[in-house]
Amino acid sequence: MDKIASLLQELLIDEHTASQLYATFGAILDNDEIKKLADHFKSESSDEVKHAQAIRERLLVLGQYPTIGVNAEKVDKDPLEMMSHTKTLEEGAVIKYNKLYKMAMDEGDSVTARLATEHAADEEEHREFAKGQLNLSEDIGDAIWLQKWL
């Protein structure tokens, strides 16, 4: 269980990082009058906060006290760089949640395995959205892509 708790702690910090980064992206985009995309990132930030809350609760059930912190991340100013950054972060999260699932199943911890599965699915959705937006911008051009988010 120590390895599970350690990975949960790491994921908690990752979720805090993602929530703060996406909230910051939302604020930047709001300031730049790119309201629809700002709303998207604010929603993703809220999803990450919910993930962090579930991880905190699981850690406490496992007898561990949660670690509070964030990783240092570059704050992108270009909307497409934000999407690329999101894709990269979410890819890493999917890998970690899949690892957590395997560890939990090996330990017979079905509750943590379910948490890992649910969060991996959410992160895959975020990743696929970002990937799709990057592909769309390549297909229709950056300026047209950006117009749809104003």
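Predicted model: local features only at pLDDT ≥ 70, side-chain atom pairs only at ≥ 80, totals over all residues.
Q: Hi! Where does His51 sit?
A: You'll find His51 in helix 2, which covers residues 35-61.

Q: Is that side chain buried or exposed?
A: His51 counts as buried, because its relative accessibility is 4% and the cut-off for buried is under 20%.

Q: Which side chain does the side chain of His51 make a polar contact with?
A: That would be Glu123, and the distance is 3.0 Å.

Q: And what else is His51 in contact with, leaving aside neighbours within four places in sequence?
A: Besides Glu123, the list has Glu15, Tyr97, His119 and Asp122.

Q: Let's zoom out. At what angle do helix 2 and helix 4 pack?
A: The angle is about 165°, and the axes are 11 Å apart. Angles over 145 degrees count as roughly antiparallel, so that is how helix 2 and helix 4 run relative to each other.

Q: Which residues make that contact?
A: From helix 2, they include His40, Glu44, Asp47, Glu48 and His51. Helix 4 brings, among others, Leu115, His119, Asp122, Glu123 and His126.

Q: What's the handedness of the crossing of helix 2 and helix 4?
A: Left-handed.

Q: New topic: how far apart are the end C-alpha atoms of helix 4?
A: They are 45 Å apart. Helix 4 has 31 residues, 110-140, so at 1.5 Å a residue it should span 45 Å, and the two values agree.

Q: Nice. What happens just after helix 4?
A: Gly141 comes there, with a positive phi of about 100°.

Terms used:
Residues numbered from 1 in each chain as written. Heavy atoms only, no water. Helix = DSSP H or I, 4+ residues; strand = E, 2+ residues; numbered from the N terminus. Expected span 1.5 Å × (residues − 1). Buried < 20%, exposed > 50% of the residue type's maximum accessible area, 1.4 Å probe, protein only. Polar contact = N/O pair within 3.5 Å; in protein donor to acceptor, adjacent residues only side chain to side chain. Contact = heavy atoms within 4.5 Å. Axes fitted to C-alpha atoms, helices over the stretch in contact; angles between N-to-C directions. Parallel < 35°, antiparallel > 145°, perpendicular 65-115°, else oblique. Left-handed = near helix turned anticlockwise from the far one by under 90°.
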